[in-house]
Structure formats: structure tokens, C-alpha cells
Amino acid sequence: MTKLYSEEQKMRAKETDLARYLMTRGETLKPAGGEYVWVYRDSAGVHDSVTIRNNKWFDHKRQQGGDAIGFLQEFYGMKFRDAVERLLGGEQGD
């Protein structure tokens, strides 16, 4: 049976400080004013079009953004429940 996350748990996951989360995982972030630029590599090369401020991200190349959960879904290919669990440090739903 799939465990569901409470609204409080989902809110905590969405509000995760995304820059801090990524830095603790060894991702490359460059300070840029009051935000960070995420520098990453994929099969198409090196990219630096994603900015991060607190729990929000925005990809300037694709004109798309979102919260911490959406970041893990978009860039790490995670399902919603897996992203929430990861952002909550392994905390399970009810």
C-alpha cells in the first residue's frame, strides 16, 4: 500500500532550501546576487541556465520553474512521492 504524505509534510518538502540541499549533495552552485546558478552537465553538455533562490528554481532557457519537489521531478526524474521522501530526509508518509 502506498503511503500518503500529509499536507504539512508536502509543505515542508516544497519549502526545502533548494540551494543548501543541492550543495550538500555535491552539486555545483555559483552565487549570483541573491540567488545561485546551478551548473550541471548532461549528454548535451554543460548548462548554467537554472537559477535557484530559496526553495524556487527557474530555467531561463526553457522559461519554466517551480518549487523543490518540482526540481527533483524535473531534473532527477523522480516521482512526486520519492521527491517528497528525499527532501524530508527519508521521512515516510502516513
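Let me begin with the hairpin of E4 and E5, which has 4 residues between the strands and in which Gln 63 takes a positive phi near 55 degrees; helices (H or I, at least four residues) and strands (E, at least two) are DSSP runs numbered from the N terminus. What you have on screen is a predicted model, in which local features need pLDDT of at least 70 and side-chain atom pairs count only at pLDDT 80 or more, while totals for chains, interfaces and linings use all residues. Residues are numbered from 1 along each chain as its sequence is written, and side-chain values use heavy atoms, with hydrogens and water left out.

To stay with Gln 63 for a moment, this residue sits in the loop between E4 and E5, and its phi is positive although the residue is not a glycine. With a relative accessible area of 58%, Gln 63 is exposed, where exposed means over 50%, buried means under 20%, and partly exposed is in between, using a 1.4 Å probe and protein chains only.

Strand E4 itself covers residues 56-59, and Trp 57 and Asp 59 form its covered face, whereas Lys 56 and Phe 58 form the uncovered one. In a regular strand the side chains alternate between the two faces of the sheet.

Which strands flank E4? On one side there is E5, residues 64-66, which runs antiparallel to E4 and is joined to it by 3 bridges; strands are said to pair if DSSP finds at least two bridges between them. On this side the bridge partner of Trp 57 is Gly 66 in E5. E4 also pairs with E3, residues 45-53, in the antiparallel sense and over 4 bridges, and here Trp 57 stands opposite Ile 52.

E3 and E4 also form a hairpin, this one with 2 residues between the strands, and Asn 54 is in its turn. Asn 54, in the loop between E3 and E4, has a phi near 55 degrees, again a positive value in a residue other than glycine. Is Asn 54 buried or exposed? Asn 54 counts as exposed, because its relative accessibility is 55%.

Leaving aside neighbours within four places in sequence, Arg 53 is in contact with Gly 34 and Glu 35, contact meaning heavy atoms within 4.5 Å. Arg 53 and Asp 67, which are 14 residues apart in sequence, lie 9.8 Å apart in space from C-alpha to C-alpha.

Taking the protein as a whole, the secondary structure comes to 4 helices and 5 strands, and read along the sequence the pattern is α-α-β-β-β-β-β-α-α. Towards the end of the chain, Gln 92 lies in the segment after helix H4, residues 80-87, and counts as partly exposed because its relative accessibility is 42%. Which residues does Gln 92 touch, leaving aside its neighbours within four places in sequence? Its contacts are Tyr 5, Gln 9 and Glu 85; for Tyr 5, the separation is 87 residues in sequence and 7.4 Å in space, C-alpha to C-alpha.

On the overall dimensions, the C-alpha trace spans about 40 × 30 × 25 Å along its principal axes. A compact globule of 94 residues would have a radius of gyration near 12 Å, and the protein has 14 Å, which agrees; this radius is taken over C-alpha atoms, and the globule rule is 2.2 Å times the number of residues to the power 0.38. Buried residues make up 37% of the 94 residues. Finally, among contacts between residues at least 6 apart in sequence, 41% join residues at least 24 apart.
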